Amino acid sequence: MADNELGTFLRTRREAVTPVDVGLQTGPRRRTPGLRRSELATLAGISVEYLTRLEQGRDRNPSPSVLGSLADALRLSTDERLLLRRLAKASGADAAFCSGDTAPSQVVRPTVHALLHRLEPTPAVLVNWVGDILAHTDGYARFAGPLGILDGDRPNVVRYLFTDERARGVYPDWDRVADDQMARFRQGAPLVDALVVALVDELTVTAGAPFADRMAAAPAPPRRAGHDLVAHPEVGPLRLAHEVLSLPDADAQTILVHLPADDATAAALDRLHGRTPGALRAVNG
């Protein structure tokens with residue numbers, strides 16, 4: 001895994017902000033499209049030397065006030081600020097104690113089982129921070145079973161996407177789906193957790209550049225919601241909106257809910273579930 005994700009994030013965000021964005025004038029001989037370190041340091045009220053240490057990973061413990069000043073200067077969105085805070089926490093000297101030695105939970109609380117039951121027939125799946133599938137609705141089994149996602153003793157959505165040859169045929173826009181999956185993975189998985197490191201090492205070898213390049217890239221906040229195109233072998237093309245519901249931190253689990261994004265998809269899912277047309281309604285807009 002990348003050893004300096006906080007520094008990489010700060011550097012790439014600095015290079016993406018133009019002087020005009022922050023009210024600075026540019027001269028005709030300027031060669032840097034983004035902000036210079038000296039410019040960001042001035043805007044954030046810190047020294048150039050300190051900013052250099054942060055970007056190079058030689059200082060990994062910025063204070064909350066420094067992070068806030070950098071976020072303001074870089075015009076970060078709320079999601080980007082949350083990611084910045086998480087990267088700073090994970091990169092600090094006490095990072096090894098943030099997640100401890102606790103393995104990702106495989107236990108599903110009864111209330112979560114009950115929640116999934118009430119989501120029927122909607123395809124919904126519960127995963128832990130490494131992407132292991134822990135529970136799902138019957139609607140998800142009917143949707144995902146023919147795709148191969150549930151194959152194996154311990155199905156894993158990250159491993160499926162990057163190593164199963166069927167995945168690229170299932171997702172016509174595979175690259176964007178992979179970007180979204182990696183953003184969620186990197187946002188939720190503790191960077192120092194042994195099982196996370198093991199999965200990353202495994203996929204770096206088995207999946208190669210499509211996975212490794214995304215791990216090496218600058219972190220990006222995951223989309224809170226969106227939609228995916230799925231080429232389903234039984235009911236044809238589907239356009240699915242999704243929502244990611246995070247459970248409390250102690251669970252380290254999320255529920256991914258798939259909803260029909262148009263009437264044709266709603267009708268196709270009804271056919272897949274053997275239900276009367278109209279059981280599922282499209283989420284428009």
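Predicted model: local features only at pLDDT ≥ 70, side-chain atom pairs only at ≥ 80, totals over all residues.
1. Which residues in H11 and H12 meet? From H11 come Val200, Leu203 and Thr204, and from H12 come Phe211, Ala212 and Met215. Sorted by class, this contact has five nonpolar residues, one polar residue and no charged ones.

2. Now have a look at H12 by itself. Its buried residues are Phe211, Arg214 and Met215. They lie on the same side of H12, because the arc they cover around the axis is only 100°. The face turned away from that buried side carries Asp213 and Ala216, which are exposed.

3. So what covers the buried residues of H12? The cover includes H11 along with helix H1 (5-16), helix H8 (157-163) and helix H10 (174-188).

4. Phe211 turns up again in the largest nonpolar core, which has 41 residues. Phe211 is listed there among the residues with the most contacts inside the core, together with Phe143, Ile149, Phe162, Tyr171 and Phe185. There is also a second, separate core of 24 residues, and Leu10, Ile46, Leu70 and Leu76 are among them. As background, nonpolar side chains tend to be buried together in soluble globular proteins.

5. Setting aside neighbours within four places in sequence, Phe143 is in contact with Pro123, Val230, His232, Leu238, Leu240, His258 and Leu272.

Conventions:
Residues numbered from 1 in each chain as written. Heavy atoms only, no water. Contact = heavy atoms within 4.5 Å. Helix = DSSP H or I, 4+ residues; strand = E, 2+ residues; numbered from the N terminus. Nonpolar A, V, L, I, M, F, W, Y, C, P; charged D, E, K, R; others polar. Buried < 20%, exposed > 50% of the residue type's maximum accessible area, 1.4 Å probe, protein only. Arc of directions from axis to C-beta. Core = buried A, V, L, I, M, F, W, Y, C linked by side-chain atoms within 4.5 Å.
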